[in-house]
Amino acid sequence: MTVRTRIAPSPTGAPHVGTAYMALFNLAFAKKHGGKMILRIEDTDQSRSSKKSEDAILSSLNWLGLHWDEGPDCGGDFGPYRQSERLNLYKEAIKKLVDAGYAYPCFCTAERLTELRKKQVENKETPRYDGHCLNLSEEEIEKKIKAGEKYVYRLKVPDDGVCRFNDELRGDVQFDWKQIDHQIIQKSDGFPTYHLASIVDDHHMGITHVIRGEEWINSTPKHILLYEGLGWEPPVFAHLPLLRNPDKSKLSKRKNPTSIDYYKDVGFLPEAVVNYLGMMGYTLPDQREIFDINEMSESFDIKRMSLGGPIFDIKKLKWLNGRYLREKLTPEEILQRMIEWKANPDFFAKILPFALKRLETLSDFFPLAQFLLNETPEYSPESLTEKMEGGDVAKLLKIAEWEMEKTSKWNRDELSSLFQRIAEVEEIKLKQILSPFFTAITGSNVSLPLFDSLELLGPDLVRTRIRNALEKLSKEGVGLSKKGLKKLEKEYIHKYGNLID
């Protein structure tokens, strides 16, 4: 048997460091056993998926040196490698599941499901679909379909009994079927959900080991049931601990930079990032701290992985990156890395048009451009509040951060419109709003044009600088308290619409 592992990122945002973490261990396991790692794009969420995001995922993983054997860019014998191009396979699977009695159509409205969940929560019951459409006759189903009623397909889950399976890291795991929901496996638009699509693809792509995050443990009984209904042998499962923030919460862009591009943009070495991700879950037998993917793969034993929640600590990553700079690279190699990073004509050419108006000598360029090369600029908290009260500044910073998370096109025009909208909704002059943002983003109240600077920095660095400004205000006692943040969230949703996590 040839070992085949996979990673299956969704192209719905910036490439996440958690994707790299999972890719590393899937790759190490495959290399250790002479197998292959496959990259599959899970783009069934058509409203959020984009080619731009897919390209960014492929580019960032390649930058880290986490190379796959088959995928949408390099092909293979088991393609296509985008789920949106495999819909016929999912439709065949749905028919097979319905015929075998493992799936059924559900016509329940969103209103009914909301009311059902509300009652279950009030009664302290596990929120779970109640099987309302489970026993519809063929005639009733046909009548509803002809009437144009929207419907989904759900997985039929046993009312009682226990599901047991083996996890390579955790041993014997079991769940009562009563805890498992009748999962939607095909949406009303005809696209499958993750649960069905991943099982169908893993089977047809010959995946032997599913190595994924521990958040999928609770879904594994559903997946085993799907394998059973389709008459297929399940793969081996291994659920890795998730990366955590320093406060032990799940790694989130709200508290930490999570985009791989962020670490590239601020000047980390890809080898150091991969090394650090490896340290998050695995220790080499000889306890060494510096190692590459090949050295890790040679000794890799998945059963030796730690189950503790690994803390992603940027300070420790910086320490490791510093060791790489001092111990692994020559001065000539470091210079070349700096040129490839940002000390190159292409990057300077983007800055020069905005700087020209302020130049009198060539030496003026570098002080003007310096903030575009830093992780965060230096400035005093007082400079944020020169034209506005600290509480109002914190409120605007947070609103802008939330609005930026909704921005699909990161360019100066979109960002200009974003701030214009905030000014209108908050009934404040745009010039007054921009003052603290100049400081938070550039470190000065006079700098290169703000919207162009935001575009050049990119969303990850901009969000980091906004968080940095909010932390400065909090330390001065004029930031957002937990209670104040909750209140602002409610106001924001009322004025601007829902948050995006």
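Q: Starting with Glu427: buried or exposed?
A: This is a predicted model, and in it Glu427 is exposed, with a relative accessible area of 72%.

Q: Where does Glu427 sit?
A: Glu427 is in the loop between helix H16 (412–426) and helix H17 (430–442).

Q: What about the phi of Glu427?
A: Phi is positive there, about 55°, although Glu427 is not a glycine.

Q: And what is phi at Lys124?
A: Lys124 has a phi near 60°, again a positive value in a residue other than glycine. Lys124 belongs to the loop between H4 and helix H5 (138–146).

Q: Why does Lys124 count as exposed?
A: Because its relative accessible area is 80%, and exposed means over 50%.

Q: Next topic, peptide bonds. Which form does the one from Gly79 to Pro80 take, cis or trans?
A: That bond is cis, with omega near 0°. Pro80 is part of the loop between helix H2 (51–64) and helix H3 (87–99).

Q: OK, on to the inside. Which residues touch the most other members of the largest nonpolar core?
A: Leu61, Phe312 and Phe419 do, in a core of 101 residues.

Q: Which helix gives the most to this core?
A: Helix H1, residues 17–32, which contributes ten residues.

Q: What does the second core include?
A: Ile38, Tyr90, Ile94 and Ile199 are among its 34 residues, and this core is separate.

Q: Let's do helix H11. How many residues does H11 have, and what span does it reach?
A: H11 covers residues 314–327, so to speak a run of 14 residues. From its first C-alpha to its last it reaches 20 Å, close to the 20 Å expected at 1.5 Å a residue.

Q: Which residues of H11 are buried?
A: Ile314, Leu317, Leu320, Asn321, Gly322, Arg323 and Tyr324 are the buried ones.

Q: What covers the buried residues of H11?
A: The cover includes helix H8 (260–265) and helix H9 (270–281).

Q: Which residues are the closest to its centre?
A: Arg117, Pro127, Arg128, Tyr129 and Asp181, out of the 17 residues that line this pocket.

Q: What is the lining of the second largest pocket, by class?
A: Six residues are nonpolar, six are polar and five are charged. Helix H4 (residues 110–122) gives the most to that lining, with five residues.

Q: Two loop residues left. Where is Thr193 found?
A: Thr193 is in the loop between strand E7 (184–186) and helix H6 (194–204).

Q: Why is Thr193 called buried?
A: Because its relative accessible area is 14%, and buried means under 20%.

Q: What does Thr193 contact, leaving aside neighbours within four places in sequence?
A: Thr193 is in contact with Ile184, Ile185, Gln186 and Lys187.

Q: And Glu389, buried or exposed?
A: Glu389 counts as exposed, at 59% relative accessibility. Its place is in the loop between helix H14 (365–369) and helix H15 (390–405).

Q: How many Å apart are Glu389 and Ile422 in space?
A: They are 17 Å apart, C-alpha to C-alpha, and 33 residues apart in sequence.

Methods
Residues numbered from 1 in each chain as written. Predicted model: local features only at pLDDT ≥ 70, side-chain atom pairs only at ≥ 80, totals over all residues. Heavy atoms only, no water. Core = buried A, V, L, I, M, F, W, Y, C linked by side-chain atoms within 4.5 Å. Buried < 20%, exposed > 50% of the residue type's maximum accessible area, 1.4 Å probe, protein only. Helix = DSSP H or I, 4+ residues; strand = E, 2+ residues; numbered from the N terminus. 1 Å grid on protein atoms, 1.4 Å probe; cavity = no way out; pocket = protein on both sides within 12 Å on 5 of 7 lines; lining within 4 Å. Nonpolar A, V, L, I, M, F, W, Y, C, P; charged D, E, K, R; others polar. Expected span 1.5 Å × (residues − 1). Contact = heavy atoms within 4.5 Å.
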